[in-house]
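Q: I would like to go through this structure with you. Could we take it one piece at a time?

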Amino acid sequence: MSASPRRGDRRGSEIQDDLLVRLFADHYKDLVRLASMLLDDVGSCEEVVQDAFVKMHTLTARPEAGKEPAYLRSIVMNGARSRMRRRMVRRRIVPDAPPLTDSAEAGALERLQSDALIDAVRSLPRRQSEVLTLRYYLDLSEAEIAETLGISPGSVKTHASRGLAALERKLAPPEAGTAEEPS
C-alpha cells in the first residue's frame, strides 16, 4: 500500500474522490452480487457494499494503483461474513418469550369473582358452608368430610347438594326482563 495524500493536499483528495466515484460506477453492482452469495437480503448486501466504500474513502493508506477493486472485494467479503456470523449467533441465542400474563382488568375481575364466591359461601348455613369448603378448597372426599365434621356421608351429600344449589342462585347473573318497571 502506498501513502495517501495528506489532509491538506486538496488535489490528492480530489483524485481519490474521482477514483472512488469511478470504482463505485464500475463495481457497485458486482460487489452487491458478491455480497448476495453470503447474505440473503438485498438491503444487507447494499449496506455491506456501502460500508466498504466508506472504509475505502477513510483509509489512511491506499492500496496500490489498480488493486482497488480487489481491496473492495476483500472488504465486502469480510463485511458479509461478519454479518452472517452475527445472524447465526442471534439465531442460536434466542431469548425466552416473556410469559403470558393476564391484563389488569382480568385480574381485578377474577378477584371480584373470588370475593363474591367467598361472600356467598360464608352466607350459607354453617354446615353447607363447611362441607363446600372442605370439598372444594381442601379437596377432601365425602368420607373424609364426614369424619372431620362427625356426620354421616349421606348428610355430607345433602349439605353439598343444597349448598351448591344455593350458591348457583346467589351467583347467577340477573335475568333480563325480570325486574319490574315503575308505572
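Q: Let us start with Glu 68: is it buried or exposed?
A: This is a predicted model, and in it Glu 68 has a relative accessible area of 9%. Buried means under 20%, so Glu 68 counts as buried.

Q: Which helix does Glu 68 lie in?
A: Glu 68 belongs to helix H3, which covers residues 68–92.

Q: And what is Glu 68 in contact with, leaving aside its neighbours within four places in sequence?
A: Its contacts are Leu 19, Leu 23, Met 56 and Pro 63, with those sequence neighbours left out.

Q: Now cavities. How many of 30 Å³ or more are there?
A: The count comes to one cavity of that size, 30 Å³ or more. The largest cavity has a volume of about 40 Å³.

Q: Which residues line the largest cavity?
A: Glu 68 is one of them, and the others are Gln 16, Leu 19, Leu 20, Leu 23, Met 56, Arg 62 and Pro 63. By class, this lining has five nonpolar, one polar and two charged residues.

Q: Let us step back to the whole chain. How many helices and strands does it have?
A: The protein chain has seven helices and two strands. From the N terminus on, the elements run β-α-α-β-α-α-α-α-α.

Q: What percentage of the residues count as buried?
A: Of the 183 residues in the protein chain, 25% count as buried.

Q: And what share of the contacts with a separation of 6 or more comes from residues 24 or more positions apart?
A: Such residues account for 64% of those contacts in the protein chain.

Q: Leu 117 interests me. What does it touch, not counting residues up to four places away in sequence?
A: Leu 117 touches Tyr 137, Leu 167 and Leu 171, with those nearby positions not counted. The C-alpha atoms of Leu 117 and Leu 167 are separated by 8.0 Å, although the two residues are 50 residues apart along the chain. With a relative accessibility of 31%, Leu 117 counts as partly exposed.

Q: What about Gln 128: buried or exposed?
A: Gln 128 is buried, at a relative accessible area of 11%. Its place is in helix H5, residues 126–137. Leaving aside neighbours within four places in sequence, Gln 128 is in contact with His 159, Arg 162, Gly 163 and Ala 166.

Q: Finally, how do H6 and H7 pack?
A: Helix H6 (residues 142–149) and helix H7 (residues 153–171) pack at an angle of about 100°, with their axes 8 Å apart. They are therefore roughly perpendicular to each other. Glu 142, Ile 145 and Ala 146 of H6 make the contact with Pro 153, Val 156 and Lys 157 of H7. These residues divide into four nonpolar, no polar and two charged.

How values were computed. Residues numbered from 1 in each chain as written. Predicted model: local features only at pLDDT ≥ 70, side-chain atom pairs only at ≥ 80, totals over all residues. Heavy atoms only, no water. 1 Å grid on protein atoms, 1.4 Å probe; cavity = no way out; pocket = protein on both sides within 12 Å on 5 of 7 lines; lining within 4 Å. Points joined across faces, edges and corners; volume = space filled by probe spheres on them. Nonpolar A, V, L, I, M, F, W, Y, C, P; charged D, E, K, R; others polar. Helix = DSSP H or I, 4+ residues; strand = E, 2+ residues; numbered from the N terminus. Buried < 20%, exposed > 50% of the residue type's maximum accessible area, 1.4 Å probe, protein only. Contact = heavy atoms within 4.5 Å. Axes fitted to C-alpha atoms, helices over the stretch in contact; angles between N-to-C directions. Parallel < 35°, antiparallel > 145°, perpendicular 65-115°, else oblique.
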